[in-house]
Amino acid sequence: MTRFGFGFALVLALAAGAAAQPPGGKAPPVVQFKQFGTTPEQFWQSSVARWTGQIALDLETVKGEVAAAKITPLGRAAINAQIENSLRQVYELDQSVRKGAPKDKVFAEFGEVERALGGLLSAIEQSPAARQAAGPTLARIDTANQQLAAAVGAGDNSPERTKRRLLRLAEAVDDSTEELRTRAVDEFPTERGLDRALATSAREARLLARRLRDDASPELLRQTATVMIERWAEAVAILSRLRNLPPAVTAQVTKVDGLQRRLAGALGGAVPAPPPLPEVRRFAFAVGADVGAQPRVTVFADEKGTVAYNFFAYDLAFDGGVRVDMADLNGDRIPDLIVAPGPSKNPVTLPVRVYDGRDLNLLVEFVPFAGWKGGLYAVGTDLAKDGRALIAINAEGTQHVKVFNLATGKETDSFFAHNQNVTGGVRIAWGDANGDGVADLFTVNGPGNAVTTVKIFSGKDRAVLAEFPAVDNRYTGGAFIAAGDLTGNGRADAIVGMDAGTIPLVRVLDQRGKSLVEWLAYDERYRGGVRVALGVRNRVVTASGGGIKNSPVRVFNTANAKAPVAEIVPFLGFDGGLNVGGR
């Protein structure tokens, strides 16, 4: 019998496995979204651009960290040269992908990116001060590069490139698991079982990499990967019973989980899916730069300002800003990120995008209003009990709202929230207003010719559950809205922040419009408006509409909202408006 070479045999095996297992190694009940509203080529381009944008931003961060570190001028010059080379290679790859260059050219340019990043790492390794200053950012770049490799290679069946991708993943699992082991030993020195499980999982990843180099059979590769995942499952079980995992451990667990899932998905059906992670919140909230800025989004891991992800949601030339929201749309207990474009000076039709909360890979993108070139507001709600993954979208400046079910890829509702003669558009949020276990849609109109009114629509039949003024029967200045159960009675309250032109007032209103608590989010003289979101521990997150130095984001505990419990500057030196989203 003729023996196939490693590459061809592996590609055949992976093709069979892909049909037997959901992408990314995810097991039910996690919902897989239906792709709609975009071509496979467009989706691939967006997936790659997601990671080139993050790497470029993080490279700029490294540049600032190196500039502030105590490094010799010669050492700093050498590192900066490598940063500039890396930025150039990342930009060339990004442009080639956006212009639809042949895949062979894209693969070659990705190779140049990897070589450039390797050169940067070598240069930084020469300086202990640079290593210390840029360590966390370099770790983000490493993770982003792994994700970029997967995005670039999506759908590629080249045996040699498949082998390289698998080898890279196995080595990354090994390195990341060993790093987690080091952190875990420091934090939980008595958890010997955790140490053993992590050590064994890392060793099996190392063995998998060696067997890939030796052109082992697909069956042997699967067996090795299975043991690796089983030991990882043991580690996750131990982590699940530990309380108050430190953010650094949580971040590293999430990284290893993502790598394990990608490797399991690549190896196909015979490999078990990695287990669900401990039920801890991955992110605190997200911030998007508003109109006039580059379309930058930063996702924060906590209220201390620890950056989890930092990327461009759209092309750098887009100046309309980014609206953000978070919700567990696919049912994996981790909030996913939703982004939508604001209004640009150069009108263009752009999609709403949804990113996986596990690793911020692109899950789906679509254009909700065909031909619409204005801004959009998009908000999601946690996966419903009946399997619906709902996202509501408003065409800015209008009263038109559409609802889509990402589980089916279909529009499920389309209506006007207020009378079409009402100007100023509408802002939207999800929350269970009547405690029936179904998310309802909260709306409030923007500044215009009508009283600023909160209106709540039933998630079951769109009946109006409540309608009341956001302030009083005279105020027409508009507001922004979020929703959440802040009293613990099982019913979501409306959280409204006043739009520009009045004091920076935030109000929490119950289902009858009664004010439960209100406060000024910024100085009483500020008139730029307040955007609102609900963050971790039911804390209210606020962002300004611009005009405050460094545009701080503030976090408030509604039990004592006189002063913020945290303040973060997302984009140092940026004084423009911000959008916030949390869940």
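Me: Why is Arg539 called buried?
Reply: Buried means under 20% relative accessible area, exposed over 50%, and partly exposed in between (1.4 Å probe, protein chains only). Arg539 has 17% relative accessibility and therefore counts as buried. This is a predicted model, in which local features need pLDDT of at least 70 and side-chain atom pairs count only at pLDDT 80 or more, while totals for chains, interfaces and linings use all residues. Residues are numbered from 1 along each chain as its sequence is written, and side-chain values use heavy atoms, with hydrogens and water left out.

Me: What makes Glu303 and Arg539 a salt bridge?
Reply: The term requires a side-chain nitrogen of Lys or Arg within 4 Å of a carboxyl oxygen of Asp or Glu. The closest N and O atoms of Glu303 and Arg539 are 2.6 Å apart, and the pair forms a salt bridge.

Me: Is Glu303 buried or exposed?
Reply: Glu303 has a relative accessible area of 13%, so this residue is buried.

Me: Which salt bridge do the side chains of Arg358 and Asp332 form, and at what distance?
Reply: The side chains of Arg358 and Asp332 meet in a salt bridge at 3.4 Å, N to O. Asp332 is buried, as is Arg358.

Me: How many salt bridges does the structure hold?
Reply: The structure holds 40 salt bridges.
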